[in-house]
Amino acid sequence: MKTMRILGALAACLLSTMALGDNIYKYRAPDGTILFTDQASDRVSRHYTLLSVRKGWTYHARKLTEAQRDQFDRHITQAATTYKVDPALIKAVIHAESMFDRYAVSRVGAQGLMQLMPETARQLDVSHPFNARENINGGTRFLAYLKGKFSSLDDILAAYNAGEGNVRRYGGVPPFAETKAYVKKVKQLRQRYAGQFIAKLGEEQPVVAAR
């Protein structure tokens with residue numbers, strides 16, 4: 001398998017199934033530098049060349065039953081223990097990305113519970129992206145990778161949503177409305193699920209669901 005450095009370049013491909021929000025535009029400046037912004041072409045200098053546009057993420061709340069929310073807890077706790085990632089964070093990302101729909105597919109092809117793009121899934125050894133265990137394991141592995149690159153939870157989540165390169169380029173959460181909303185929502189969801197899991201990561205005992 002290729003090194004985890006490749007995953008940083010692929011982070012920008014991780015898009016939510018709720019791909020209905022602000023667009024993120026990629027431009028090339030006259031001097032060759034690359035600009036990422038949520039400003040459309042008519043609001044950017046004509047000297048900038050538009051390279052690509054991708055749909056952003058928005059969150060549309062809908063009612064979920066307890067069974068829907070908790071159906072993947074076993075896989076979440078296993079992945080959390082393996083990669084030393086907060087299980088409440090994993091569950092929050094799943095909630096925000098796919099609403100616990102393991103068959104979710106975004107408009108740009110991101111797949112499964114943690115919305116992995118096909119190439120990213122391959123780099124994470126996820127052969128079956130609609131398999132709940134594999135998808136959660138892959139997404140958690142990626143969170144663990146980002147956790148090793150950034151000390152701030154905000155930066156980790158921003159990198160998951162907008163790419164590691166954008167976080168480094170802007171020195172923190174990029175000034176994209178989508179990414180700011182994503183970070184805020186996942187942190188809210190994490191707080192909601194924090195009391196559901198017991199045992200701290202890094203201890204000998206496994207992380208387990210509280211109920």
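## Aromatic cluster and nonpolar core of a predicted model

The secondary structure of the protein comprises 9 helices and 5 strands, where helices (H or I, at least four residues) and strands (E, at least two) are DSSP runs numbered from the N terminus. The model is predicted: local features need pLDDT of at least 70, side-chain atom pairs count only at pLDDT 80 or more, and totals for chains, interfaces and linings use all residues. Residues are numbered from 1 along each chain as its sequence is written, and side-chain values use heavy atoms, with hydrogens and water left out.

From the N terminus on, the elements run α-β-β-β-α-α-α-α-α-α-α-α-β-β. Of the 211 residues, 48% count as buried; buried means under 20% relative accessible area, exposed over 50%, and partly exposed in between (1.4 Å probe, protein chains only).

**Aromatic pairs**

A search of the whole structure finds 5 aromatic pairs. Rings of Phe, Tyr and Trp (its six-membered ring) pair if their centres lie within 6.5 Å; planes under 30 degrees apart count as stacked, over 60 as edge-to-face and the rest as tilted. Two of the pairs involve Phe142, as tabulated here.

| Pair | Centre to centre | Angle between planes | Class |
|---|---|---|---|
| Phe142 and Tyr145 | 5.9 Å | 40° | tilted |
| Phe142 and Tyr160 | 5.9 Å | 70° | edge-to-face |

Phe142 lies in helix H6 and Tyr160 in helix H7 (residues 153–162), so their pair ties together parts that are 18 residues apart in sequence. By contrast, Phe142 and Tyr145 are 3 residues apart in helix H6 (residues 132–149) and are therefore separated by about one helical turn. Phe142, Tyr145 and Tyr160 form one aromatic cluster. Phe142 and Tyr145 are both buried; the relative accessible area is 0% for Phe142 and 0% for Tyr160.

**Nonpolar core**

Tyr160 also belongs to the largest nonpolar core, which has 40 residues; Ile90, Val93 and Tyr160 have the most contacts inside it. Such a core is a set of buried Ala, Val, Leu, Ile, Met, Phe, Trp, Tyr and Cys residues joined through side-chain atoms within 4.5 Å. Helix H3 (73–83), helix H4 (87–98), H6, H7 and helix H9 (177–194) each supply at least two residues of this core, and H4 gives the most, with 7 residues.

The side chain of Ser98 reaches the backbone oxygen of Leu113 at 2.7 Å.

Definitions and conventions: Polar contact = N/O pair within 3.5 Å; in protein donor to acceptor, adjacent residues only side chain to side chain.
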